[in-house]
Amino acid sequence: MAHLLGAEALHLEYPTRVVFDSVTLGIEEGDRIGIVGRNGDGKSSLLGMLAGRKEPDAGRVTVRGGTTIGVLDQADTLDDALTVGRAVVGDTPEHEWAGDAKVRDVIAGLVADLDWDASVASLSGGQRRRVALARLLAGDWDVIALDEPTNHLDVEAITWLAGHLKTRWAKNAGALLVVTHDRWFLDEICTATWEVHDRIVEPFEGGYAAYILQRVERDRMAAASEAKRQNLARKELAWLRRGAPARTSKPKFRIDAANELIADVPPIRDSVSLQSLAVSRLGKDVVDLLDVGVSYDGRVVLRDVEWRIAPGERTGILGVNGAGKSTLLGLIAGSVEATSGRVKRGKTVQVRTLTQRIDELEQHWDEPVRTVISGLRTSYTFGTGSKAQDLTPGQLLERLGFSSAQLSTRVKELSGGQQRRLQLLLVLLDQPNVLILDEPTNDMDTDMLAAIEDLLDSWPGTLLVVSHDRYFLERVTDQQYAVMGGHLRHLPGGIDEYLRLRTLEQRSGGASDAAASPAAPAKTPALDGAARRTAEKELAALERRMQKLNEQIDRAKHALADHDQSDYAGLGERMKTIQAQQDEVDGLELRWFELTEQLD
């Protein structure tokens with residue numbers, strides 16, 4: 001491979017600290033490099049120096065003659081005076097950009113839903129981000145540098161972006177550099193990973209999963225002070241190896257070495273113990289949505305929603321912006337009233353929501369962190385059985401990445417990620433038994449996300465998560481639902497099934513009800529005559545069987561509340577029975593999905 005870009009003995013420092021000291025790197029044609037590290041360690045500064053946007057204090061960056069570099073900044077740099085079309089393709093004549101397959105793909109993948117003649121000034125932050133990304137990808141560059149490209153993108157757009165970049169570099173001899181906290185995205189597109197830490201840049205082969213394996217191997221030899229970080233990495237490696245969705249069938253790192261390193265790592269969550277504790281805290285009733293509908297000014301947002309939330313349930317919720325996710329969460333939290341149907345709430349339910357609004361901390365704005373936590377209880381119990389730990393608020397803050405010095409920092413002077421972590425801590429320490437997380441991964445680096453996942457693993461309650469971070473969603477939840485066309489539907493195939501449903505929805509011209517509702521009529525039958533009648537009969541039989549099984553599962557989950565909570569063996573058998581029934585439902589729903597595709 002030919003050399004494109006390099007760095008020799010880079011040194012960078014600010015008045016209070018040295019960021020990099022004698023860093024030397026090389027980038028070759030075909031490289032797709034992910035850059036990871038803790039917030040504040042210099043990832044964006046490194047990208048800026050390599051892209052020629054930032055001058056090092058010493059050393060130099062070398063670029064092969066004629067090499068072009070395109071950059072997506074974290075900051076919004078779009079000109080408000082431009083239209084969407086001008087911002088994306090500039091003054092290029094329509095016949096030229098419309099005849100370019102790459103440009104058409106970019107427009108379809110990122111900005112197809114926007115008015116081509118709309119002013120950039122009229123767009124939301126997320127729309128502006130998509131326009132900026134489309135502008136960059138529509139151009140011809142030898143090296144593309146992306147700083148947090150998945151910010152403000154939903155699961156569909158992130159999936160499209162990963163596919164576009166892989167296809168682009170399969171045909172292109174250029175290189176890609178990307179700073180992101182999105183671990184699924186890193187694992188999907190990167191051939192190498194650079195970790196920025198302690199004034200150096202350490203290279204690893206492969207994507208995120210391979211990087212975690214190599215980091216665990218490195219950390220085994222580290223000093224005792226690294227033990228905590230090492231344990232978190234080992235736990236993450238165990239999840240990746242033992243059953244991370246979509247990874248078990250395509251191993252991306254040395255299986256024998258990984259298995260040896262995680263041999264003594266226990267299961268990620270003690271599901272039986274957590275389920276038992278959740279039932280004892282909540283009773284058998286959490287929140288039941290019974291044939292619920294919600295309308296605003298005559299517009300139907302949710303319809304016919306039937307959802308019985310169980311004690312200890314861990315559910316991820318997907319849907320496009322405006323689909324009704326926030327309305328659904330409001331029904332559960334009690335801040336939204338149903339216009340039809342009934343919401344039944346357990347007597348002991350205490351719901352807390354981690355929202356996206358940092359201004360909830362404003363009452364503490366001028367207080368040091370130490371003062372904020374001083375009025376809290378002296379200790380809180382996390383985990384169950386022999387693994388239960390009594391932790392003080394200060395110890396929990398340490399687990400969430402706060403140093404002793406930062407305890408004296410005023411809340412308004414914390415970084416966005418630190419404020420987010422403090423907000424999460426205050427929500428957890430309020431001891432709710434139903435926790436709703438609304439986009440909790442904003443402003444978090446990969447190490448901090450692993451720490452939060454570890455904390456949630458020992459949290460005994462019902463957990464509902466809305467997130468565009470696919471890795472986080474799959475890591476902390478056990479099942480996923482989607483809000484589509486006003487309906488709530490279970491996704492036995494997880495996020496991959498959601499993406500298939502969205503593709504079907506878009507192909508049918510946006511007929512959301514056809515994708516979301518089993519009863520919706522098909523527009524273009526793929527089956528005719530006897531074959532169609534047979535498929536319809538099987539579909540009806542599947543729906544009856546799934547309804548019966550779901551009723552049995554609901555009764556079994558509620559019966560756990562009446563079972564002797566000290567009888568772990570008995571609880572375990574009941575949980576196995578419930579899981580077997582759920583597995584059958586999952587299989588039936590996959591068949592249902594296949595039939596609806598044929599009938600649609």
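1. S415 is found in the loop that runs between helix 14 and helix 15, where helices (H or I, at least four residues) and strands (E, at least two) are DSSP runs, numbered from the N terminus. With a relative accessibility of 36%, S415 counts as partly exposed; buried means under 20% relative accessible area, exposed over 50%, and partly exposed in between, with a 1.4 Å probe and protein chains only. Although S415 and N39 are 376 residues apart along the chain, their C-alpha atoms are separated by 9.2 Å.

2. A word on the basis of these points: this is a predicted model, in which local features need pLDDT of at least 70 and side-chain atom pairs count only at pLDDT 80 or more, while totals for chains, interfaces and linings use all residues. Residues are numbered from 1 along each chain as its sequence is written, and side-chain values use heavy atoms, with hydrogens and water left out.

3. Six strands form an open sheet in the order 5-6-7-3-8-9, with mixed pairing; two strands pair if DSSP finds at least two bridges between them. Strands of a sheet pair through backbone hydrogen bonds, either parallel or antiparallel. The edges of this sheet are strand 5 (69–72) and strand 9 (200–205), each of which pairs on one side only. From one strand to the next, the twist averages 20 degrees.

4. Helix 8 (residues 208–220) lies across strand 3 (32–37), strand 8 (192–197) and strand 9, and runs at about 115 degrees to strand 9.

5. Helix 6 (residues 155–171) has 17 residues and reaches 25 Å from its first C-alpha to its last, which is close to the 24 Å expected at 1.5 Å a residue; the expected span is 1.5 Å times one less than the number of residues. Its buried residues include W160, L161, H164, R168 and W169.

6. How many salt bridges does the rule give? The count comes to 32 salt bridges, each being a side-chain nitrogen of Lys or Arg within 4 Å of a carboxyl oxygen of Asp or Glu. R60 forms one of them with E8, the closest N and O atoms being 3.0 Å apart. Because R60 lies in strand 4 (residues 58–63) and E8 in strand 1 (residues 3–14), the pair ties together parts that are 52 residues apart in sequence. R60 counts as partly exposed, at 49% relative accessibility, and E8 likewise counts as partly exposed, at 35%.

7. Another salt bridge joins the side chains of D366 and R410 (3.8 Å, N to O). This pair links distant parts of the chain, with D366 in the loop between strand 14 (351–354) and helix 13 (369–374), and R410 in the loop between helix 14 (393–399) and helix 15 (416–428), 44 residues apart.

8. The side chains of R502 and E505 also meet in a salt bridge (2.0 Å, N to O). Both residues lie in helix 18 (residues 494–507), three residues apart, about one turn of the helix, and both R502 and E505 are buried. Elsewhere, salt bridges that share partners join R183, K235, E236, R399, E453, D454, D457 and R475 into one network.

9. The count of aromatic pairs comes to six; rings of Phe, Tyr and Trp (its six-membered ring) pair if their centres lie within 6.5 Å, and planes under 30 degrees apart count as stacked, over 60 as edge-to-face and the rest as tilted. W97 and W116 form a tilted pair, 5.3 Å centre to centre and with 40 degrees between the planes. W97 is buried, with a relative accessible area of 16%, whereas W116, at 25% relative accessibility, counts as partly exposed. The rings of W239 and Y471 have their centres 5.0 Å apart and their planes at 65 degrees, so this pair is edge-to-face. Both W239 and Y471 are buried, and ring pairs link F204, Y208, Y211, W239 and Y471 into a cluster.

Conventions. Axes fitted to C-alpha atoms, helices over the stretch in contact; angles between N-to-C directions. Contact = heavy atoms within 4.5 Å.
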